[in-house]
Amino acid sequence: MEKHTVKRQNHSAFEISRLLVAVVMATFIACLFFGMALDLWWYESDSPEHILSASQLEGYGLEALLFYFISRFAEYPFLQLLFAAYETILVMLTWMIGQKFIDKFFEINKWMNLAISTGLIFLTSIYIPRYSPWFYRFSLGTQPWHNSTQLGMRLGAVVFLYYFLEVYPDYQEKISIRSWLKMVIPLIITTMFKPNFLLSLCPTLGLVLLIDLVTTKSRSKKAKSIFAIGSVIIPSLFVLGVQYILIYNIGNNSSSSGIQVVFVSDLLWEGSAQHMIVKLGRDLGFPCLTMGILLCFRVSCRDSEFLEKHFKNACFLFLLFLMSLVIYSVFKESGARAAHGNFGWGKRVAYYTLFIYLVPLFIQSMKRYKMMLTQLHTVALNVGFAMGSILLILHLVSGVYYFVTTAAGLSYYR
């Protein structure tokens, strides 16, 4: 009886704490979004432009349709308040689904789950004084607070991966129609917010499935499974085609606007070689360290089934991020949209999805495997876990600092 009472008390304490975190976080985020939507001179944001284009039905996505109808009965500043509430809901839904995502794939306690999901909402590049004192500029993964469609795409990407990563490690087995729809529908909605996640997903999925097809012996049998999981992107490709027409044909005010292949875009390879080295080391430090720890586990541990699934999912997400960098480097818009950097949105959402998988995997690894390895590997992993923990703390501190300074009125681009 006493154990059940203590358990209920602990559950109540957790739910109260989670509610408190949600209220505080939503309040501060909503205030920032409302200030940005009001087009106050000390805030820089895409929100006013998005609201204006939506009210004139000039956008290309789900958000534009939604706020076109809302703008029929709401005006300034109530329309801006609704827009801020909408953005806040997108962030809070990402926070909530992120907790379900972590709970589904990993065995960590609910308090740690809450800490990880909350911290990742503020995910940003690590602040390095003098050498890299920027968050958004020269960044590979800082989540932008100024762009609402990015927030919707990030939410949809997490929902899609929630179902996709459950199927992907064993996709050779038959995929039910229900499971197929659970992947297809979120991907369509994600693409309707912004197409960049789909643009990164297509070459990533195509590459891993091609490798599987080439390396397997029974290709005819494997081809059916490959087609089944690969076909989840087909409906979203139709959405992508419609968006292309809306952006570059119907909504093209300049005949020079379009997409060009540049191979090395100055929007990604910005700054000096030193900046690129610092940028890659700073933003990929934790992911590379975690992948190294996984490789060490594969060599030393016997729990192969658990490791193989996580390793396969982690490799897919890491490749997804690398593909988003390739797309950002190879493709660029021309004309009036040349400096907008719209091919860079994929790397930001891919960075978040990479961390939402690797951070809980890193935490679980410290608890699960530390006592199962040889002494040499234990020493190496102790160093790796210490370095990884430091990097996570630096990401968290930097992310909170970036949010506070942005909310205080400093440029998001800093």
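Ser200 is found in helix α8 (residues 196–215) of a predicted model, in which local features need pLDDT of at least 70, side-chain atom pairs count only at pLDDT 80 or more, and totals for chains, interfaces and linings use all residues. Residues are numbered from 1 along each chain as its sequence is written, and side-chain values use heavy atoms, with hydrogens and water left out. Helices are DSSP runs (H or I, at least four residues), numbered from the N terminus. With a relative accessible area of 2%, Ser200 is buried (under 20% relative accessible area, 1.4 Å probe, protein chains only). Not counting residues up to four places away in sequence, Ser200 touches Leu320, Met323, Ser324, Ile327 and Gly346, contact being defined as heavy atoms within 4.5 Å. Ser200 and Phe343 are 143 residues apart in sequence, and their C-alpha atoms are 9.8 Å apart in space.

Phe318 lies in helix α12 (residues 304–330) and counts as buried at 14% relative accessibility. Its contacts, residues up to four places away in sequence not counted, are Pro287, Cys288, Met291 and Leu354. A C-alpha separation of 8.6 Å is found between Phe318 and Tyr351, 33 residues apart along the chain.

Helix α2 (residues 47–55) is largely enclosed by the rest of the structure, because seven of its nine residues are buried. These are Ser47, Pro48, His50, Ile51, Ser53, Ala54 and Ser55. Leu57, which follows α2, has a positive phi, near 55°.

The axes of α2 and helix α3 (residues 62–70) come within 7 Å and cross at roughly 70°, the axes being lines fitted to C-alpha atoms over the stretch in contact and the angles running from 0 to 180 degrees between N-to-C directions. α2 is therefore roughly perpendicular to α3 (65 to 115 degrees). The contact involves His50, Ala54 and Ser55 of α2 together with Glu63, Ala64, Phe67 and Tyr68 of α3.

How values were computed:
Helices (H or I, at least four residues) and strands (E, at least two) are DSSP runs, numbered from the N terminus. Buried means under 20% relative accessible area, exposed over 50%, partly exposed in between (1.4 Å probe, protein chains only). Angles under 35 degrees count as roughly parallel, over 145 as roughly antiparallel, 65 to 115 as roughly perpendicular and the rest as oblique.
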